[in-house]
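I am opening a notebook on this structure.

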Amino acid sequence: MVWPFKLSEIINLKKNEYIFKQGYTADCMYIVKSGQISLLISDELTEKEIDVANPGQLLGEMSLFDNQQRSASALALTDAVLLKLPYEKLMLELQSMPPWVQTVLKKLSEKLRETNSKILKAKSS
């Protein structure tokens with residue numbers, strides 16, 4: 001397996017800048033190198049923070065496994081530096097994994113999407 005940093009591009013963000021928005025097509029994931037990133041889910045009525053990503057944490061990994069649109073938005077709470085990892089390059093690495101590992105990752109991603117939906121419904125009530 002290739003160490004992901006060799007596949008990455010450095011992205012510099014300013015406070016209050018969106019990295020991606022819920023519902024958009026995904027083509028990459030990110031590793032937070034510095035700063036803090038708010039993960040937000042929304043519907044027609046409300047937007048709720050579900051997590052804050054800190055250095056070392058991943059963003060946007062779910063779509064790599066289930067090929068769906070972004071399940072949340074990501075907004076820089078501070079100036080931040082991210083490593084951008086294109087899905088195309090990561091998919092080549094994933095294909096070297098056993099099929100059962102790929103299935104487990106896809107199922108975990110689906111469960112997380114379901115949980116995000118339940119959180120949003122609960123907070124809207």
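**Entry 1. A patch on the surface.** I start with a definition: a patch is made of residues with over 30% relative accessible area and no salt bridge, and nonpolar side chains are joined into it within 5 Å. The model is predicted, and I keep that in mind throughout. Which residues form a nonpolar patch on the surface? I find Trp100, Val104 and Leu108. Together they have about 350 Å² of accessible area. I looked up Leu108 on its own. Leucine 108 sits in helix H3, residues 99–124. Its relative accessible area is 54%. Exposed means over 50%, so leucine 108 counts as exposed.

**Entry 2. The whole chain.** I stepped back to count elements. The protein chain has three helices and eight strands. Along the sequence I read the pattern β-β-β-β-β-β-α-β-β-α-α. The chain has 125 residues, and 37% of them are buried.

**Entry 3. The open sheet.** Next I traced a sheet. It is open, has four strands, and its order is E2-E7-E4-E5. The pairing is antiparallel. Which strands are at the edges? They are strand E2 (18–20) and strand E5 (47–53), and each pairs on one side only.

Entry 4. I went along the order from E2. E2 pairs with strand E7 (residues 73–76) over two bridges, in the antiparallel sense. Tyrosine 18 stands opposite leucine 75 of E7. Then I moved on to E7 and E4. Four bridges join these two antiparallel strands. Here serine 38 has leucine 75 in E7 as its bridge partner. How many bridges join E4 to E5? I count six, and the two strands run antiparallel. Isoleucine 41 stands opposite lysine 48 in E5. E4 and E5 also form a hairpin, with four residues between them.

**Entry 5. How covered is E4?** I checked burial next. Five of the six residues of E4 are buried, so the strand is largely enclosed by the rest of the structure.

**Entry 6. The pairs around E8.** I turned to strand E8. Five of its seven residues are buried, and it is mostly covered. Five bridges join E1 to E8, and the two run antiparallel. In this pair, glutamate 9 has lysine 84 in E8 as its bridge partner. E3 also runs antiparallel to E8, with six bridges between them. There, methionine 29 is partnered by leucine 85 in E8.

**Entry 7. The nonpolar core.** I then asked which residues have the most contacts inside the largest nonpolar core. They are Leu13, Ile19, Tyr30, Ile37, Leu59 and Leu82, in a core of 15 residues. Several elements give two or more residues to this core: strand E1 (9–13), E2, strand E3 (28–34), strand E4 (37–42), E7 and strand E8 (80–86). The largest share comes from E3, with three residues.

**Entry 8. A backbone angle.** I looked at asparagine 16, in the loop between E1 and E2. Its phi is near 70 degrees, a positive value in a residue other than glycine. Most residues other than glycine have a negative phi. Is asparagine 16 buried or exposed? At 53% relative accessibility, I log asparagine 16 as exposed.

Entry 9. Leucine 94 lies in helix H2, residues 87–94. It is buried, with a relative accessible area of 11%. Its C-alpha atom is 9.2 Å from that of phenylalanine 65, 29 residues away along the chain. Threonine 103 lies in helix H3. Its relative accessible area is 45%, which makes it partly exposed. Between the C-alpha atoms of threonine 103 and phenylalanine 65 I note 8.5 Å, with the two residues 38 apart along the chain.

Key
Residues numbered from 1 in each chain as written. Predicted model: local features only at pLDDT ≥ 70, side-chain atom pairs only at ≥ 80, totals over all residues. Heavy atoms only, no water. Pairing = 2+ DSSP bridges. Patch = residues over 30% accessible without salt bridge, like charges linked within 9 Å, V, L, I, M, F, W, Y side chains within 5 Å. Areas by Shrake-Rupley, 256 points an atom, 1.4 Å probe, with all protein chains shown as cover. Salt bridge = Lys/Arg side-chain N within 4 Å of Asp/Glu carboxyl O. Buried < 20%, exposed > 50% of the residue type's maximum accessible area, 1.4 Å probe, protein only. Core = buried A, V, L, I, M, F, W, Y, C linked by side-chain atoms within 4.5 Å.
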